[in-house]
Amino acid sequence: MSYQKYYVPEDSKYPIYIATALFLLVMGAAGTINDLGKPESNSVYILYSGFAVFAITLYFWFRAVIREHIAGLDSAQLQKSFVFGMGWFIFSEVMFFAAFFGALFYVRNFSVPWLGGDGEKGLANMLWEGFEASWPVMSTPDAGSAFVLADKSMSWPGWGNALKWLPLWNTIVLLSSSVTVHFAHLALKNDNKKSFNTWLGVTVTLALIFVGLQAAEYYEAYAHYGLTLNSGIYGSTFFMLTGFHGFHVMMGGFMLAVMLSRSVFYNHFDPHNHFGFEAASWYWHFVDVVWVMLFLFVYIL
Amino acid sequence: MSAVIESHGHDDHHHGPAKGLTRWLYTTNHKDIGSLYLWFSFAMFLIGGAMAMVIRAELFQPGMQIVEPEFYNQMLTLHGLIMVFGAVMPAFVGLANWLVPMMVGAPDMALPRMNNLSFWILPFAFFILLSSLFMEGGAPNFGWTFYAPLSTTYAPPSVTFFIFAVHIMGASSIMGSINVIVTIMNMRAPGMTLMKMPLFVWSWLITAYLLIAVMPVLAGAVTMMLMDIHFGTSFFNAAGGGDPVLFQHIFWFFGHPEVYIMILPAFGIASHIIETFSRKQLFGYASMVWAMASIAILSFVVWAHHMFTVGLPLAAELFFMWATMLIAVPTGVKVFNWVTTMFKGSISYETPMLFAIAFVVLFTIGGFSGLMLAITPADFQYHDTYFVVAHFHYVLVPGSIFSIMAAVYYWIPKWTGNMYDERLGKLHFWLSFIGVNVTFFPQHWIGLAGMPRRVPDYALQFADWNMISSVGAFLFGASQILFMYIVLKTVMGGKKATPQVWEGSRGLEWTVESPAPYHTFTTPPKVN
C-alpha cells in the first residue's frame, strides 16, 4: 500500500482569532441582552465586532483549506477525517434539537396534563384550579398579565383550509429542495456542471422561499394571532423549535450558496472530488429531516 | 517545557516547535496543545481548590465565621463549575491530546487547527465565568446544577454571562470530542484493529461519543433558561404551562452521562498503570471494553435518579432505580478485572501504582455509596445531605483526580524525558490519600445524621466532624502545592528516562524516545 503523508499544518493564526471572536460575540451578546431596554448600552458594538472577526476569519480559514486541497496537500485519509468530522457535527446538531423536542414531549405528555388534573401527578391542578389541559395550550394555567394569550394556534386547520395553510407550503418547498440538491449531486457525479449549477441554484432559491414563508408565518403569528414567545408553553416550544430550525435553514442555505459560487466562479468541483458540496448537502438533508419532525409534532399532531 | 525545546533544538530532521509565546497561541501540535490543556486544568484546579478552602474554612466551626452566605453560595457554585468544566474535563482532554495520537500511531490529531481552537476557547470561557464575581449582584449562586427557578427567576444578572460561557465551553468540548473520535477512527496505524487499541484510547472513544451526545443538550437547557429569563418563554414556569422539573430532566440527561465522561478515561488510565506495575497482561481486555460501552449506554437511561424526591410517577422511580443498579454490574466487572490483574503479579509500588490502587479502592467506596443512593426509598432520606457530597467527592477526587495524578506520574517521563522524584511523589501520594479520606469520609456520617448540603452554617451536633473534615481539606489542598513543585522540578531536569521508562510498560508510546519527539509517527508504525 502506498502511503501519502498526513498533512499537519505547521501552525495557524485562525483558531486564536476565532476564539477571540467567540469571546467578543458572547460578551457582546450577554451584555446586550442584560442591557435590553436600557438606552445607553454599547455592548451591541462588541457583539458586532465579534461577528465581524468571526466571519472574516472563517472566510480566510476556509479559503486556506480549499487552497491546500487544490495544492494536493490533503491525502485521501485527511479527506476522510473531514467526512467523519462533518458526520459527528451533524450528530451534535441532532442532539441539540433533541433537547427541544424532548421538552415538547415532556410538556405535552406530562406537565400540561398534570396541571390540568390528569394522571398520577394531577394534584398539580390545585395550583390553578379550573385550568383545563389541552394542546395547544391557548390559555395558560395562570391567565394573569404575565402572558399575552393567543387567539389562534398554528396547528393543522382541517382539510378545508389546508391550501391556505403556510406550513404545508413550507413542507412542500423544503422537501422539494432536498430532491433538487440530490439532482445537483447526481449531475455533478455525471460531470454535468451546467446541470449541477442549475439544480443547486434552484435549491438555494427554494431555501430563500422557505425563509420568506417562515418570516410571513411569524408575522402572521405576532400581528394577527397574538401568538408570541410570551403566550405560554405553546408559544415557547413553537417559536424555539421553528426558530432554531429556521436559523439552521439559513446556515444550510448559506453553505449551499457558497458551494454554488465556488462552482460558478471558480469551477471547483469535479465528479469524484467534491466533499465541500457533499457536506453542505448532508447538512441540508439533516435540516429537512428536522422539518419533517417539526411538521409532524409541532404542526400536525 | 523548556526541556522539550532544548533537546530538540539541534534536531534538523524534524520541524521543531516555534519560538516564543506565539508557539502556544498558533500551535497545531498535539503535544503542545496537550500541555496547554494540562496546565490550564491545573490552574483551574488551584482556583477551584482555593474556593473549596473558603468553603471548608467557613464550615470549620458552626455559626457564620468568615464569609457572607451570599458569597458562600457563589463559592459553592463556582467551585463545582470550575472543577467539573475547568479542571477534570480539560485534564482528560489534555491527556487524550498527548496520548491518543501516540498510542494509535498517528502523526497528530486528525484536525490540528480545530484542536487549537478547542483549547483556546477555554481560557476565554473561564475568564467570563470568573469575571462574574465582580459583576453587579455577584457571581452565579445557584449551585453547579443551576436548577430553575433559582437560576432563572431568582438568578443574579450575571447568569446571562454564565449561560454564554457554558455555550462556548460546550462548543470547545464538542470540537475536542469530534477530533478525538476522528483521530481514533481514521488515524490508527495499519494492523491496529479496534480490539487491539489500548484501553485509554477505547475509554476516550466512548467518552467522546458521550460528550457529543450530551453537550448539545446542555446547550439546549441553558438556551431555554436564557429565553425564560429575558424573552418571556415558559419552559420552566408552571404558570405558563411549563415545569421547573423539566429543567432537571434536561439537565440530568446531560448531567448523568457527564459524570461518566469524568470517570471513563480514569478507567482507561487505571487499566494501563495496573497492568504495567503488576508486570502482567491486563485481565479481561474484551470485557473491559464491553463494560465501558455498557456503562456509556446505560448512562442515558438513569438520569432521574438525581430527582427521586421531586415527585416522579412511581413507575419512573422504579425504572430509574433498577436501571441505576444495573450499572453496578459492568462497574463490578472492571473492578474485578483490575484486582485479578494484580493477583499473583510481581507488583512494585511506584507513585503511579499507588495512585491507581487508591483509585480502585476509593472509587469502589464511592460506587457503593452510589448504590445506596440508587435505592429510591433510601434516597428519600439521603437526598441533598452531606452523604451525597461524600459520595460524589469520593468518585471525583480519589476517582477522577487521583487517576489524572497517576497518569501525570506515569507518563511525565515520556513527556519531559526526566524521571520525577520518587520520594517526593510518594510523599505527595500519602498526603493526598490521608487528606482526601479525612476530608470526605466523615461527611458520610454527618450526612446520614442529617446535615443538609449547600449550607454555610449547621447544627452544633455536626461540629466535630466538620472540623476534622476541614483539617483534611487543608491538608489535601496544601499537598497539591507539593504536586506542582514535583511537576516543575521534573520539567526542569532529573534522571534521564529510557524510552520504555517502566519495566512492564507496553504500547506504541513506549517505543519512541523520551521525551517523545515533537512529531511522532510521521509514517505509521506497523502493529502486529
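Reading along the sequence, chain A runs α-α-α-α-α-α-α. That is 7 helices and 0 strands. Before I go on, please keep in mind that this is a predicted model.

As for dimensions, the C-alpha trace of chain A spans about 75 × 50 × 40 Å along its principal axes.

Next, the domains. Chain A is divided into domain 1, residues 7-74, and domain 2, which takes in 76-103 + 142-300. How far apart are the centres of these two domains of chain A? Taken over C-alpha atoms, 24 Å separate them.

The two domains also touch. On the domain 1 side of chain A, 6 residues are in contact with 7 residues of domain 2 of chain A. The area buried between domain 1 and domain 2 of chain A is about 540 Å², and carbon and sulfur atoms give 66% of that. Which residues in domain 1 of chain A lose the most area to domain 2 of chain A? They are Ile66(A), His69(A) and Asp74(A), and together they make up 72% of what the domain 1 side buries.

Now to chain B, and one pair of helices there. Helix H15 of chain B covers residues 386-416, and helix H16 of chain B covers residues 422-448. The two pack with their axes 7 Å apart, at an angle of about 165°. Angles over 145 degrees count as roughly antiparallel, so H15(B) is roughly antiparallel to H16(B). Their crossing is left-handed.

What classes of residue make up the contact of H15(B) with H16(B)? There are 17 nonpolar and 9 polar residues, and no charged residues.

Key
Residues are numbered from 1 along each chain as its sequence is written. Chains are lettered from A and ligands numbered from 1 in the order in which they are written. This is a predicted model: local features need pLDDT of at least 70, side-chain atom pairs count only at pLDDT 80 or more; totals for chains, interfaces and linings use all residues. Side-chain values use heavy atoms; hydrogens and water are left out. Axes are lines fitted to C-alpha atoms, for helices over the stretch in contact, and angles run from 0 to 180 degrees between N-to-C directions. Helices (H or I, at least four residues) and strands (E, at least two) are DSSP runs, numbered from the N terminus. Angles under 35 degrees count as roughly parallel, over 145 as roughly antiparallel, 65 to 115 as roughly perpendicular and the rest as oblique. A crossing is left-handed if the near helix is turned anticlockwise from the far one by less than a right angle, and right-handed if clockwise. Ala, Val, Leu, Ile, Met, Phe, Trp, Tyr, Cys and Pro count as nonpolar, Asp, Glu, Lys and Arg as charged, and the others, Gly among them, as polar. Domain bounds come from an automatic or database domain assignment. Contact means heavy atoms within 4.5 Å. Buried area is the accessible area (1.4 Å probe) that two parts lose on being put together, summed over both.
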